[in-house]
Amino acid sequence: MSHDYSPSWRRLSIAILRPLLFALLKRDWKGRNNVPREGGVIIAANHLSWADPLALAHYVYESGRYPVYLAKSALFDAKIVGPVVRGTGQIPVYRDRADSGGALKPAEEALRAGECLIFYPEGTCTRDPEMWPMTGQTGVARLALATGAKVVPVAHWGAQKLWPYGTKRLRPFPRKTMHVVAGPAIDLSAYVGQPVTKEVLHAATSEIMHAIAGLVGELRGEKPPEQLYDHHKAIKERRDKVERKRAS
């Protein structure tokens, strides 16, 4: 099944959200010329806050593309949200599928149809104590190698002040600034034609995440860590520590 959407729903979403986001956030935007104006492309970004998806979508739209996200498949059956995500052409993610490649098939179809997909390779808001990007999951690399789509790294800073992760209330005053920069497409040619092994996917993902971290460092005026925070490793270490205490 090919990717589909309603132009009317997209126009409605723009009419509602664009003026709201202009009013809500000040903008410090750089690198919009690095976002291709046509063809399937993956925007790979860091994730700081529940506010940054719409703020980042605004940047992508003003760069000449309509932003498409991956969303939980259950949302597509919801009474209120369902018509919106279906009509605007957002991509369902079927987390119950056994193979990761199959779960990404709708995203692959959208890229082949020329859509601009926004991904958070970390899979969740960063848990790094200093809010640097974490290590990433391999979905972006898998899609890029399967479709040949360009991967454009994007970093942002400021949305976490509007709606800090883990809180339930927006903090609109004083008006916050959304700093965003897009870098050149990442060169993944070294991995093209190779068997899609875990090693290849992890190596390509590491390049993607370090490119994003470098851009975050540019926005913050700081040097990013050489070793990115591994959330899964940190969870395992905490569990092991608890088990050792119980055993002692």
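Biologist: What is the volume of the largest cavity?

Modeller: About 40 Å³. This is a predicted model, where local features need pLDDT of at least 70 and side-chain atom pairs 80 or more, while totals for chains, interfaces and linings use all residues. Residues are numbered from 1 along each chain, and side-chain values use heavy atoms, without hydrogens and water.

Biologist: Why is this called a cavity?

Modeller: Because a 1.4 Å probe fits at its points, on a 1 Å grid over the protein atoms alone, but cannot get out. The volume is the space filled by probe spheres set on those points, which are joined across faces, edges and corners. The search of the whole structure finds one cavity of 30 Å³ or more.

Biologist: What makes a residue part of the lining?

Modeller: An atom within 4 Å of a point. L21, L25, R27, W29, A55, H58 and M178 line the largest cavity. β1 (25–30) gives the most, with three residues; strands are DSSP runs of E, at least two residues, and helices runs of H or I, at least four, numbered from the N terminus.

Biologist: How do you know that β2 and β6 pair?

Modeller: Pairing needs at least two DSSP bridges between two strands. Strand β2 (41–45) and strand β6 (150–157) have five, in the parallel sense, so they count as paired. One example is A45, whose bridge partner in β6 is V154.

Key:
1 Å grid on protein atoms, 1.4 Å probe; cavity = no way out; pocket = protein on both sides within 12 Å on 5 of 7 lines; lining within 4 Å.
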